Amino acid sequence: MNLLDAMTAFVRIAELGSYTRAAEALDLSRTRVSRQVMELEDHLGVRLLQRTTRRLHLTEAGERYLLRAQGILQSLEEAEAEVGSGASEMRGRLRLNGPMSFGTRHLAPLVARFMVEHPALEVRLDLNDRRVDLLEEGYDLAIRIGHLPDSTHVARRLTRCKLVLCASPGYLAEHGTPRRLADLERHRCLRYRPGGRGGEWQFVDSRFRVNGPLESNNGDVLTHAAEAGLGIAQQPSFLVTDSIREGRLVPLELEEAAPVLDVNGLYPARRHLPAKVDRFLALLADAWGDPPCWEHELGL
C-alpha cells in the first residue's frame, strides 16, 4: 500500500462525499479508490467510513483522521511549491478549465507551448461554459471571463475583453446603423443566453432588453448568424477579431459605452501557489497582453 495515495483517496472521498466523484477528481477507477481506503483502514486497524446504500458517513475515528490527513497533504503541497518554485522543469499534473470558444482560440495554443517547454508535465484541459467547482472537481486553475461570484478562491487578473456590437455589411445596408440604445428596438438582435438567461445586453451604465430571431448559449453560433446577415450581435472581442479584420462583420459604436470584462485566472486559496500554476499564469498574461493582442490589432 502507498500510504500517501491511500490518504489522498480517503480525503477526497470525505470532502466530496462520493467514491465516484473522488475517483473522477483523482483520475482513477472507483474500484482502485475503494481498495485504497480499505487498505488504509486495515493499516490503521479502524473503520474510517460507514458505507450505506445512500451516503457515506465518517466514523469518529474518520473525523479525527481527516483533520490530520488534510493538514499533512496541505503541508506536502506547500513544501513542493516552495521547492518547485526554483526548479526549471515542471512535473506532475496540471488540471485546467476554461470557456469553450475562448479556450480553443487563446488557451489551447498556450497549453501546447507550456507542455513543449516542460515535457515532464501532464495536463488535463477541460473546456466548457459552465461554472465548475475547482475543489470538488479537482482543478488547479480555471479561466473566467466577466463577473466573479464571491468565493474563497483567489482571482488573478490576466487581461480584459471588450464586448463589441457588430453586424454584417449587408445587414447594415438593408436595416441601417444604430447610433443610440433606443435604435436597437427596431433591429434584429442575436442574443447570447448563458445559464438559461437571455434577452438583455450589457453596457457600462445600463442593461438593455433586446429581441430578435435567434438566441444561443454559444458565441460562435451567434457570430456565424451575424455574418449571414441575420442581425446584430454583442460579442466578446476575441470571438469577432477575424470576422472584423476580414470584413465579414462591422463594429458598431453607440452613444452608450461598451463594457469591458476582466479575464481572470481563478485558483483555490492556499498559502503557497504551486509553481506550475504560477508559471502558467505568467505565460498567459505575457502572451495575451493588456490590452489583449486580439483587440490591439483592430484598434478596439
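Student: What makes a residue count as touching Pro99, and which residues do so?

Tutor: Contact means heavy atoms within 4.5 Å. Leaving aside neighbours within four places in sequence, Pro99 is in contact with Leu127, Asn128, Asp129, Ile143 and Ile145. Pro99 and Asn128 are 29 residues apart in sequence, yet their C-alpha atoms are 5.1 Å apart in space. By the way, this is a predicted model, where local features need pLDDT of at least 70, side-chain atom pairs count only at pLDDT 80 or more, and totals for chains, interfaces and linings use all residues. Numbering runs from 1 along each chain as its sequence is written, and side-chain values use heavy atoms, with hydrogens and water left out.

Student: Why is Pro99 called buried?

Tutor: Buried means under 20% relative accessible area, exposed means over 50%, and partly exposed is in between (1.4 Å probe, protein chains only). Pro99 comes in at 16%, so it counts as buried. You'll find Pro99 in the loop between strand S3 (92-98) and H5.

Student: And Ser237, buried or exposed?

Tutor: Buried, because its relative accessibility is 0%. Ser237 is in helix H9. Not counting residues up to four places away, Ser237 touches Cys161, Lys162, Val164, Trp294, Glu295 and Leu300.

Student: How do you know which class Arg193 belongs to?

Tutor: Its relative accessible area is 31%, so Arg193 is partly exposed. Arg193 sits in the loop between strand S7 (189-192) and S8.

Student: What makes the link between Arg193 and Glu215 a polar contact?

Tutor: The term needs a pair of N or O atoms within 3.5 Å; within protein, one must be able to donate a hydrogen and the other to accept it, and residues adjacent in sequence count only if both atoms are side-chain atoms. The side chains of Arg193 and Glu215 are joined at 3.4 Å, so the pair qualifies.

Student: How do you know where helix H8 begins, and what is going on there?

Tutor: Helices (H or I, at least four residues) and strands (E, at least two) are DSSP runs, numbered from the N terminus. H8 covers residues 219-227. At its start, a side-chain oxygen of Asn218 reaches to within 3.0 Å of the backbone nitrogen of Asp220. Just after H8, Gly229 takes a positive phi of about 85°.

Student: Which residues of H8 are buried, and what covers them?

Tutor: Gly219, Asp220, Leu222, Thr223, Ala225 and Ala226 are the buried ones. Their cover includes H5, S7, strand S10 (215-216), S11 and H9.

Student: What makes something a pocket here, and how much space lies in the second largest pocket?

Tutor: On a 1 Å grid over the protein atoms alone, a pocket is an open set of points where a 1.4 Å probe fits, with protein on both sides within 12 Å along at least five of seven lines; lining residues have an atom within 4 Å of a point. The second largest pocket holds about 1300 Å³, a volume being the space filled by probe spheres set on the points. Its lining has 34 residues, with Arg131, Ile145, Tyr192, Pro194 and Leu261 nearest its centre. Among the elements supplying at least two lining residues each are helix H5 (100-117) and strand S5 (141-145).

Student: How many residues of the whole chain are there, and what share is buried?

Tutor: There are 300, and 44% count as buried. The secondary structure comes to eleven helices and 13 strands.
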